[in-house]
Amino acid sequence: MSFLAVTGLCKTFRDKKNTVEAVKDLSFSVEEGEMVGLLGPNGAGKTTTIKCILGLVRPDSGQITVGGVDCRRYPNLALRDMAAVLEGARNTYWRLTAWENIAYFAGIHGLSEKKGKDYFEYLVDVLRLREKKNTEVRNLSSGFKQKVAVACALAKRTPLVFLDEPTLGLDVESSYELREALRKLQTEERRTIIVSSHDMHVVQDICQRAIIVSHGRIVADEAIPQLLSLFATRQYKIAVADGSGRRVGQSGTQEAVTSAFPQASFKQVGDALEVTVSLADPGDIYCLVEILRERGAVVDAITREEVDLEKAFLEIVRRENATCGA
Amino acid sequence: MWSVALKATWKQNFYMMRRYLFNTLSGFITLYIVFALLFHGTRAVGAGTMNLGDTLEGMFAGYVTWMLALMGCTDLAWNITNEAQSGTLEQLCLSPLGYKWVLVFNQSFTFFANFLVVGLITVSMSLTTGQAIHMDLVSVIPVVLAIYVQALGLGFVLAGLALIYKRIQAVFQIVQFALIGFFFVPFDAFPVARYLPLTEGRKLLQEVLMGGIRIWQTQWADLGPMLAATALYIVVGVACFAVAESKARSRGLLGQY
């Protein structure tokens with residue numbers, strides 16, 4: 001049985017002027033100890049989904065269970081197993097120190113400072129907050145503020161943790177440190193962590209699986225290596241020169257390629273042409289080369305594009321947008 | 001879990017009070033200065049011109065009741081507005097105890113802190129006016145608590161509105177002064193007015209604090225309406241808050257400001 005199971009989740013926000021279907025029949029599950037990335041463009045429904053699970057937003061329909069507990073029926077019981085960073089640094093009291101914030105938020109979750117002290121100290125070390133432990137949060141840099149917010153969520157020692165944009169506004173070093181800490185915690189404590197982020201590098205770096213949400217629906221739910229391989233074999237970049245000395249664009253090459261591969265894109269670099277194309281069947285590369293050859297173009301180089309999660313994400317979302325007519 | 005959360009909330013409130021010490025002190029001093037101006041103004045113009053209970057005793061008890069009402073009623077709503085503004089409101093809602101209880105724990109600290117503050121200001125006011133007061137805690141605390149809980153009931157209604165509308169500070173300010181209106185209600189002429197918030201409480205406080213009457217010496221005809229009003233306003237307040245909280249969750253307003 002999955003630790004988190006979401007089935008048929010729907011949420012529509014209505015006011016006098018607008019009706020927004022934020023989440024449409026969304027279903028997914030997460031196993032215990034998994035670190036999952038929840039990705040999607042702005043307004044895709046990621047935060048609404050997280051808030052529905054946490055009970056901060058009441059869904060219209062659907063079932064959510066955490067550790068076997070029905071979140072909609074027993075919200076307070078389910079909250080014993082959940083913690084979240086929702087708006088990063090804004091989740092903490094800026095007039096309290098890092099330590100006071102950690103102790104307070106763990107306290108209202110039922111974990112006393114006395115009982116949790118050793119673990120709080122451990123978190124302070126893992127997140128490299130030791131020197132700033134007794135500094136008021138308002139005097140910390142945004143990176144440290146973010147880490148304090150993460151520490152407050154982790155200090156509750158809940159088996160399920162949501163991190164909504166945990167690296168937002170962090171510099172490269174702070175982002176790296178936070179990712180290191182999360183990896184370490186996940187490995188050592190087998191916590192189930194769901195990371196919602198716009199930063200694909202973060203998700204690619206620390207998550208085992210990505211769920212991509214667009215227009216309130218799940219459009220991809222794959223292990224990250226699989227998601228990457230799905231696109232890695234298909235994206236090619238071909239540098240083309242014209243054997244007759246004319247500009248490649250003048251020889252009708254673009255039109256010929258577009259008629260066979262409508263999604264191909266072109267970039268003129270001097271007299272040369274750079275063709276980027278996503279091929280459904282890797283064998284199509286021969287067909288493309290043939291079209292180019294027939295137009296008198298000389299293929300200088302063929303490179304398979306290194307696809308990272310960001311490219312895969314963009315491709316999936318573009319396709320979804322095209323399907324939805326957005 | 002409950003005692004841990006209560007302890008953590010009291011600690012947090014204490015730290016916050018210490019960090020905002022200047023703010024806290026200036027609040028107390030302002031309350032004292034307002035009373036001093038009111039007192040000297042009343043004396044200068046002539047007793048009875050300002051209808052704050054007709055007598056100095058009435059004004060004294062009225063002012064103490066008003067301070068308690070201010071703290072009980074608007075503190076709660078200000079608290080929610082501030083939490084929403086600073087972004088911590090949703091975190092408090094993630095407590096497995098439920099947000100209502102986090103609020104109650106917060107208010108329990110605020111009550112004790114405010115009780116001490118109002119006590120100090122009352123003693124200062126007594127020294128300024130020469131008005132003798134009877135600090136019989138066994139009699140004073142239940143009446144003060146009843147006034148505070150009635151105000152808290154109103155505060156829960158305001159807090160519920162704050163959860164949904166957030167930017168309603170102007171309403172809080174109006175309510176602060178509208179509360180004074182309850183002291184002017186001539187409930188001898190309109191017996192049902194005894195059940196309005198604060199009215200009977202103010203009268204009993206005057207009897208206990210100034211008249212030196214013990215709580216068990218008061219008549220049930222006075223005590224009964226006060227207790228009934230206390231129960232009524234806190235129940236109605238909490239119910240309104242629960243409805244507002246439910247609406248806020250449904251509309252996804254908890255994280256917005």
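In chain B, helix H3 (residues 56-86) packs against helix H6 (residues 137-165) at an angle of about 30°, and their axes sit 7 Å apart. With angles under 35 degrees counting as roughly parallel, that makes H3(B) roughly parallel to H6(B). Keep in mind that this is a predicted model. Over in chain A, the thing to look for is an open sheet of 6 strands.

**The helix pair in chain B**
- H3(B) and H6(B) cross in a right-handed way.
- On the H3(B) side, the contact includes B:Thr65, B:Leu68, B:Gly72, B:Asp75 and B:Ile80.
- H6(B) brings in residues including B:Val144, B:Tyr148, B:Gly155, B:Phe156 and B:Leu163.
- Sorted by class, the contact of H3(B) with H6(B) has 17 nonpolar, 5 polar and 1 charged residues.

**The sheet in chain A**
- Its strands run in the order S6-S7-S8-S3-S9-S10, with mixed pairing.
- Strand S6 (82-85) and strand S10 (217-223) of chain A are the edges, each pairing on one side only.
- On average, neighbouring strands are turned by 15° against each other, direction ignored.
- Strand S9 (residues 209-214) of chain A pairs with S10(A) in the antiparallel sense, over 6 bridges.
- A:Ser214 stands opposite A:Arg217, which belongs to S10(A).

**Helices on the sheet**
- Helix H1 (residues 46-54) of chain A lies across S3, S6, S7, S8 and S9 of chain A, and runs at about 150° to S7(A).
- Helix H5 (residues 142-154) of chain A also packs on the sheet, touching S6 and S7 of chain A.
- The direction of H5(A) makes about 175° with that of S6(A).

Terms used. Residues are numbered from 1 along each chain as its sequence is written. Chains are lettered from A and ligands numbered from 1 in the order in which they are written. This is a predicted model: local features need pLDDT of at least 70, side-chain atom pairs count only at pLDDT 80 or more; totals for chains, interfaces and linings use all residues. Axes are lines fitted to C-alpha atoms, for helices over the stretch in contact, and angles run from 0 to 180 degrees between N-to-C directions. Helices (H or I, at least four residues) and strands (E, at least two) are DSSP runs, numbered from the N terminus. Angles under 35 degrees count as roughly parallel, over 145 as roughly antiparallel, 65 to 115 as roughly perpendicular and the rest as oblique. A crossing is left-handed if the near helix is turned anticlockwise from the far one by less than a right angle, and right-handed if clockwise. Two residues are in contact if their C-beta atoms, placed from the backbone, lie within 7 Å. Ala, Val, Leu, Ile, Met, Phe, Trp, Tyr, Cys and Pro count as nonpolar, Asp, Glu, Lys and Arg as charged, and the others, Gly among them, as polar. Two strands pair if DSSP finds at least two bridges between them.
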